[in-house]
Amino acid sequence: MRLPVDPPDLDVVGFGDALRRALLATLAHPAPTLSASVRLAGDLARAPVVAATRWLGGDVEPPVAPDRRFADPAWTSNPLFHATRLGYAAASRFARDVVGAAALEPDVARKAALATDLLLDAAAPTNLLPLNPAALRLAFDTGGASLVRGARNFVDDLVNNRGRPRQVDTSGFELGRDLAATPAKVVFRNELMELLQYEPQTERVHAVPLLCSPPWINKYYVMDLAPGRSFVEWAVRHGRTVFAISYRNPSPGMAATTMDDYLVHGPRTAVDVITAITGADTVDIVGLCLGGALTAITAAHLAGAGDRRVGSLTLLNTMLDYTEPGPLATFTDARTVAKLERRMAERGTLPASSMAATFDLLRANDLIFGYLVSGWLMGQDPPAFDILAWNADSTRMPAAMHAFYLREFYVGNALAAGTLRLAGAPVDLGAITSPVYVVSAVNDHIVPWESAYRSVGLVAGPARFVLVSGGHIAGIVSPPGPKAWHMVGDGGATSAQDWREGAQRRPGTWWEDWVEWARAGAGPLREPPPTGSRRYPVLGEGPGRYVRG
């Protein structure tokens, strides 16, 4: 079976070398392996006994607890499938125990552990038609039609999706209609970004405009996802004059574009344009992920120059301190970054597929093998889901900018350390005295919420930290609904765990909490400002030109 990710990218990360070193370490110190072998032998010996006992109606504790891939009742009721499941679980525990016990450097140990998990996930019996009871039952019930559809999906993915199981059906989505649909005009364009100004939807608006600063590793419209699920729409309907940056999808000709360029020609220029159009003295900024990091950098950069035009900051799933970057540490150690720099220098950009593959590998069961089972084995069409449609619309990274970001942020942690320099000046986050609203999602695998909490201690202004349900994107796309919740607490707690122990859980979305918090500094209500101006005339309809690149 082909692992659905480009082999060269795996070589850059060094998974194979990490496994080789783990194997050598276990041979040099065999005691942990022998201990794990004894437990494996016991687990395998118990597996048929447990399966037979359960089949005969008895109740016995399995040697290894199952995971949700084995939710079909046949994995427990059928002794053959039950024994297969238990054998796989035992072998998986053995492999993880052996690799986990190897004496390795932390970076190598992380790579070896992730590589082991990937191999075990790929070898799961649920991925094989003869061993997947749900797929077999569906094939029987449909007279083999599901197998025909699955074969069709497999061939289509092999030809048109680089051999990866398709995650989403994007055919029903159209930019400007189903996604990025909040009415807006393009009021500024340079070589790096377009600036959108959203049309007012209330008779009066707050005096302080709001700038949405998205990450450039994806298209901007995650902040304006779909009607009823758009943060931009929510802000507009609550009386804010909203602007949003839409970055250009870099081509190899933009290889030399730097993070200085993103700062100067991105949010710093956007603040200039917004204040000129609206006449406002300050601009509130909402930044997401890497766009949130650049939001904080912009505020610190301007404050350091005596420019106080940045009002409140909202940082959504943003990491400013990279001491503990979570699972992405596997892909951002110094050796891997050096290899990526050489690869990007050859191409001019980091391909969009490489970034997408990285995030898929972090949740391989959900984002790779789950779709393999549903699409190839069961013949199901991928879902039509707005978040997945946005996620599939990925972008490239300019070589110079991305190399700088990986080296200075992940490897050197220069932003938190206060040693980062951009646009000819040091970046001191302590210069930020504006109110800051920090949002993090409890299941975020890109920006661990504990790392996001560290942002509170890096700024000088009053900070409100909010922990929300969901993951990196689902936690941000959070319209009011019965399942949403958020936690608020004392932003002065010394650690993330201390904060959580004292925080209060509340029903509802953080969007509602943010509206009340942001209103305090949003200024009085007035007539909406004009869309564009003589100096910055309307250039076209939203969502603009760059988002389609």
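Start by selecting asparagine 317: this residue is buried, with a relative accessible area of 0% (buried means under 20%, exposed over 50%, partly exposed in between, using a 1.4 Å probe and protein chains only). You'll find asparagine 317 in the loop between β7 (310-316) and α12 (334-347); helices (H or I, at least four residues) and strands (E, at least two) are DSSP runs, numbered from the N terminus. Check its backbone too: phi of asparagine 317 is near 45 degrees, a positive value in a residue that isn't glycine.

A quick word on the model: it is predicted, so local features need pLDDT of at least 70 and side-chain atom pairs count only at pLDDT 80 or more, while totals for chains, interfaces and linings use all residues. Residues are numbered from 1 along each chain as its sequence is written, and side-chain values use heavy atoms, with hydrogens and water left out.

Next, jump to cysteine 289, in the loop between β6 (283-288) and α11 (290-304). Cysteine 289 also has a positive phi, about 55 degrees, without being a glycine, and is buried at a relative accessible area of 11%.

Now select glycine 542 and proline 543: a cis peptide bond joins them, with omega about 10 degrees. Proline 543 sits in the segment after β17 (540-541). For context, most residues other than glycine have a negative phi, and most peptide bonds are trans.

Finally, zoom out to the whole chain, with its 20 helices and 17 strands. Its C-alpha trace spans about 80 × 55 × 50 Å along the principal axes, and 55% of the 549 residues count as buried.
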